[in-house]
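Biologist: I would like to learn how to read a structure such as this one, feature by feature. Could we go slowly, taking the general idea before each case?

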Amino acid sequence: MIATSPAARKSRADEAIVSAPEGNRIVTPIDLKFVEEAVERIGREPDAVIPMLQETQEHYGYLPEEALKRICEITRITPAAIAGVSSFYDMFRHRPVGKHILRVCRGTACHVTGAERVEDTLRRHLGIPPGEDTDPERRFTIEPVACLGCCTLAPVVKMDHNTFGHASAENASRMLAQFLAPNGAGSGQPQTEEERRNAVGLPQINIGLGSCCMAKGSDRLFEELQKSVEETGAQVLVKRVGCVGMCHRTPMIEVAIPGKPGVFYSGLAPGQARELVLRHFKPRGLMRNLSGLWDRALDSVLNDAPVEKVANHAMDTKKEEVCAFLEKQVHIATEQFGKADPLDLDEFLAHGGFEALAKCLRGAVACEKKVQGMLAAGEKEVQWGEPLFAAEELIGMIEKSGLRGRGGAGFPTGPKWRLARRQSGEVKYVICNGDEGDPGAFMDRMLLESFPYRIIEGLAIAAVAIGAHEGIFYIRHEYPLAVKRIRAAIKLCRKRGWLGERVAGVDYPLRMTIKEGAGAFVCGEETALIASIECRRGMPRLRPPFPVEEGLWGKPTVINNVETLALVPWILRHGPEAFAAYGTKTSKGTKVFALAGNIVRGGLIEIPMGTTIREIVEVIGGGVGPGRQFKAVQIGGPSGGCVPAKLADTPVDYESLRDVGAIMGSGGMVVLDDRACMVDIARYFLQFTQDQSCGKCTFCRVGTRRMLDILERLCAGKGQRQELVELERLSRQVGAGSLCGLGKTAPNPVLTTLRYFREEYEAHIEGRCPAGKCAGLVKYRVLENCTGCTLCAQSCPVNAIPMTPYSRHFIDTTKCTRCDSCRQVCPHNAIEVK
Amino acid sequence: MSTFNITIDGHELAVEAGQTVLGAAKKLGIDIPNLCYLEKCGPLNSCLVCLVKINGKLVPSCGTKVEPGMKIESGTTEVHEARKTALELLFSEHVGDCLSPCHRLCPLGMNIPVMLRHIQARKFDEAFVAVRDALPMPSVLGRLCHHPCEQGCRRGTWDEAAAIRDLERRVSDDDFESSNPYLPPKKAPSGKSVVIVGAGPAGLSATDYLLRQGHACTVVDRHELAGGSLRKEVDSEALPVEILDAELDRLSRFGVKFKMGVTLGMDVTLDGLLRGFDAVLITVGEIGKADGQALGLEMTPGGIKVQAETSHTNVPGVFAAGSSVKPMNQVVRVMSEGRAAAECIHMFLLGKPIQRKGKPFSNVMGRLSKGELDKFMEGADLVKRAKACDICETYSRKASLTEASRCLHCDCRSSGDCSLQTYAQVYGADASRYRHQRRPFEQKVQPGGVIFEPGKCILCGICVKLTEMAQEELGLTFVGRGFDVRVAAPFNGSIEEGLKKTAAECVEHCPTGALTFE
């Protein structure tokens, strides 16, 4: 298997050092004019290095050494800095790439749903040799990505800018063909990020345009709907909305007619747009109607294709399934989910947007004037006739709400702000941490894409609370749509006076900028994040001093997670008591989870703290697939743990999860059924952490690799019994000794699986993989009930099954790569894996 | 500057604000191990060997500032285990031998590469110092030793091992002719005395050691001539009698007093010896059960019963070694056993707990693959092994020089000056604990004499920081991420190009042997 073979491990260092394109002795000289122009635009200071590298790569497709040298010549960026930074982050490449880039997601949900097989198939199909990443003709470069954050569509492949969900070994080649077809997905992407003002009062067709929805074709459907409305002249607004949450049903649309209950459709194809429009809205003018219907009828006759009825896609919201998914949810961070156009500022304002910020600003400024004795005679302290939130009062409210950081560790937000407020100094920073790097998590992406103004408001309030005038969004580059939407939202806020020199007409300057991450999980750790914004290698440093004391550029800095910030405006609008009414004693409010993996109804959910794992998996998610057994949930990604089904009644709150060995994490929840091998899961996460470790401290850099060594031996059936003891001991040492949170929590997946699934480890020592996942330990065999249908032989990619029609087939185990294709296609369950 | 009190392992100490825990501990005389800390660079927090426990958490002491009332644990088992693990993890990817295989295999622990380097530099006197410091009877061993060193010689996997024993014999015999023969230094007289019963290889080796430690030694033997079992080698013509006599003479000159013709049990009793001396060492060679019991000693089927860890017999103050404990053939092993017992006696005389000395710590690289061996041979002299007579004949010093030049210097250039090695010894680290597959051997010899061995780099970051501070034009940087991070010069530059201003400084502060001068 590609992902597990040590020989195939990608070494960034190797790539960076061997920078000359191999097999191509005559290197065509590179036009360096672009570099010079870019330097003029971006700047010459050392902190320009990451944007400079990003633009250079965008232009050349990779980072030519000549270009890097030229940058060093004409800027204050040193060779050491450029070599160090460009080899640290995933996105930078030092070798030329193929024409197209295929990014294969290696997130948790994708891993448990067969991403390795998809990658194997694509490699075989494209003729990319093992150990290489590009085919000899340089058409395709295959690139593993830690997580694309489309977990409900797992396994996911991104081809250039297009995302394909539910990939499989069987449909991989079809996917490629679709991508390469003229006018196919590869030929461009509809624009969905322009600013919009939606007309008010019209009937609406709401369509979710989050990254996940678009991966399932909602962008094409959106285009077709707009076209159909235009052609039929229907008086209806086709409205782009954010995430709908029900990712398992996308593309999903809602037909909302004022005064009537909404009608939902799921899984519509772009070709069905017109029929949908006609079904609900009478066209203006009989002729148009007739001509439209005539066209449609003619089309179906000529195409001779079975026309699926639009009505078949209607969803009954009263139906148990939909009710179960929605009933237990409480929408605070995701308020207005599925209703609001992400970039319609007027709509945001109409629903109470920026109300809390305005109060905070006026309160802060009034308070400041009072302190300085500058209130003019007769000037009222309270100007709106409503309570204003002076900064202290505002922090008090957040404290009272019991809000804790949603990024993982759960540090109380109010006290953090108070610490930062107490720091002296003119310059302070607030940072929104959108570096959601955990494989299996996509909450932050959905929030940024769906509710950009809300996050801006949260960050602005944090700034006012601590007295900062600069806010920075740090968003991982794997989330291009989130970046675009936040960028568009900031621009509009500036235009409309919600950001800038005087925010909301008050004398309070507030600027916001975006820094795009360059691909490094460790940059979610706050000191590494700061290093990354300062354009250094994202290596964490020892705390204290904490960022609230010495953060970005040595100034007091508050770093909050996206979801934390999304909750803030609601708390201020509804009061801390309303928020604290949800949740448990120590964990207040709600938590957004990305529910994915082996589950019927995956999606984005927001539930009150204290909801049990069982309620989430079985009621909201509808349980694991038919005939499968619920085995465990992986919560918290590489820092979290596996909670076994027998502990499914554990309530979701910070302390309960910690007690069972997991952590809240940022909210990735990957459900595992009986096909998941727990040793393999532990190996998967250690593979991730040892690769994502910044490589600074001994425990994390070497310790996680040594743990992985042991796990790899176990998965290959070469483990020894005493190695379990050593694995456990080393896990504890790495947890205790590592410098930052990444290393300290990296052993959790190992420790929890050792704690709850020790028998599986024992089985591997005895040479068995009970789940049939570890390739080195399983054999495929055709059973007697084989009818000789030859499907397995046809699907086998390595010709390990000779074609013997009408008689029982057999598998040559010396050739078999355990790719599982035969078992998947067999109509008679005649393939045994043991 | 405000001062306040903290406690380290229960010891209270006044410190100044702003000081690091590492610095504070140093004041108290507590040596917290550290590899990546250099004051000039500030805390780099990379090696994490300097962990201490504060408030229930392990933290690096180099980067943690003292706070009033801070309670620090440094000497607990938990802290030591964590430090040891950090060292062991570093060793799991460490490629190289601290001590050369020949050195490690020598039962007497002779630093062979040092001897060979002196020969190569035509410093024969100094070569003999290296020999004599480890070997009690070098000219005897130069003839009788079964030279396990040569079995381990890496040169042997290429063509033939270096002729270590013959070269050792050559420099040792030369000393006989010297107008200024070398005598090892002795410590100031301790006022303690030891009687050694039996003037064979074990007894003489022990005596040689005890004399160096400043103890007065008397060797008694029932024979008329000293030498014990070595006399048998004379009979079999393996050892010329004049060489044995010259060697005994050399020992006499060093201060060994012989009393011949004295038989234990007849002329003297153990009790009597214990009244006259502070300790007794029995090295009489093979001894029958009845004879031993008659002396009041407990016996095993092989010989005198001693505690393996202390060489102590059942009679307090009486030690035994060599074939009188267990029959042995190889003379070098007998001498090594004699010296080990002498080390125990030394501790006994100082009133310290007796513990047989362990082997010096060394990382072991193991067998080299073909490609690695080629790299290892880079710059080596490809001349064939000389014949024994060419080396040992007194007129041919040239052959010795050539032969010594065949040495590949497998020992680490920083051995003895390496923090990693030092702390590994202190913490009893097992260098191979987490190593399942060794990283390939690499070394880059630069034209200006800087040698970079990536396999010995622990990524402490000191050189990266020093080059940055000195504003090197190219400098060094970390390349890559995760386990694969390494230190390199940018743009495929050589290490030398990266170290234009700072080579000497970086070599000096490299905590291991990753950066050295030729």
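Modeller: Let us begin with a definition: a residue is buried when its relative accessible area is under 20%, exposed when it is over 50%, and partly exposed in between, using a 1.4 Å probe and the protein chains only. What you see is a predicted model, in which local features need pLDDT of at least 70 and side-chain atom pairs count only at pLDDT 80 or more, while totals for chains, interfaces and linings use all residues. Residues are numbered from 1 along each chain as its sequence is written, chains are lettered from A and ligands numbered from 1 in the order in which they are written, and side-chain values use heavy atoms, with hydrogens and water left out.

Biologist: Is A:Glu728 buried, partly exposed or exposed?

Modeller: With a relative accessible area of 23%, A:Glu728 is partly exposed. For chain A as a whole, 60% of its 834 residues count as buried.

Biologist: How many helices and strands does the secondary structure of chain A come to?

Modeller: Helices (H or I, at least four residues) and strands (E, at least two) are DSSP runs, numbered from the N terminus. By that rule chain A has 33 helices and 20 strands. One of the helices, H18 of chain A, spans residues 443-450 and is mostly covered, with eight of its eight residues buried. Among these buried residues are A:Met443 and A:Leu447, but also the residues A:Asp444, A:Arg445 and A:Glu449.

Biologist: Which residues of the largest nonpolar core touch the most other members?

Modeller: In soluble globular proteins, nonpolar side chains tend to be buried together. A nonpolar core is a set of buried Ala, Val, Leu, Ile, Met, Phe, Trp, Tyr and Cys residues joined through side-chain atoms within 4.5 Å. In the largest one, which has 141 residues, A:Tyr761 and B:Leu515 touch the most other members, and H27(A) gives the most to this core, with nine residues. A second, separate core has 94 residues, A:Ile395 and A:Ala465 among them.

Biologist: How many salt bridges does the rule count over all chains?

Modeller: Side chains of opposite charge can pair when their charged atoms come close. The rule asks for a side-chain nitrogen of Lys or Arg within 4 Å of a carboxyl oxygen of Asp or Glu, and the count over all chains comes to 84 salt bridges. The residue we began with, A:Glu728, takes part in one with A:Arg732, at 3.3 Å from N to O. Both residues lie in helix H28 of chain A, four residues apart, which is about one turn of the helix.

Biologist: Which distant parts of the chain does the pair of B:Asp133 and B:Arg212 link?

Modeller: Here the closest N and O atoms are 3.8 Å apart. The pair joins helix H5 (residues 124-134) of chain B, where B:Asp133 lies, to helix H10 (residues 201-212) of chain B, where B:Arg212 lies, and the two residues are 79 residues apart. B:Arg212 is buried at 13% relative accessible area, whereas B:Asp133 counts as partly exposed at 40%. In another salt bridge, the closest N and O atoms of B:Arg155 and B:Asp159 are 2.9 Å apart; B:Arg155 is buried at 1%, while B:Asp159 is partly exposed at 26%.

Biologist: How many residues does the contact take from chain A and from chain B?

Modeller: Contact means heavy atoms within 4.5 Å, and here it takes 52 residues from chain A and 40 residues from chain B. The buried area, which is the accessible area (1.4 Å probe) that two parts lose on being put together, summed over both, is about 3800 Å², with 57% of it on carbon and sulfur atoms. Five salt bridges are counted between the two chains, and one of them pairs A:Glu726 with B:Arg433 at 3.0 Å, N to O. On the side of chain A that touches chain B, the elements that give two or more residues include helix H1 (12-17), helix H26 (678-692) and helix H28 (721-737) of chain A, and the largest share, eight residues, comes from H27(A).
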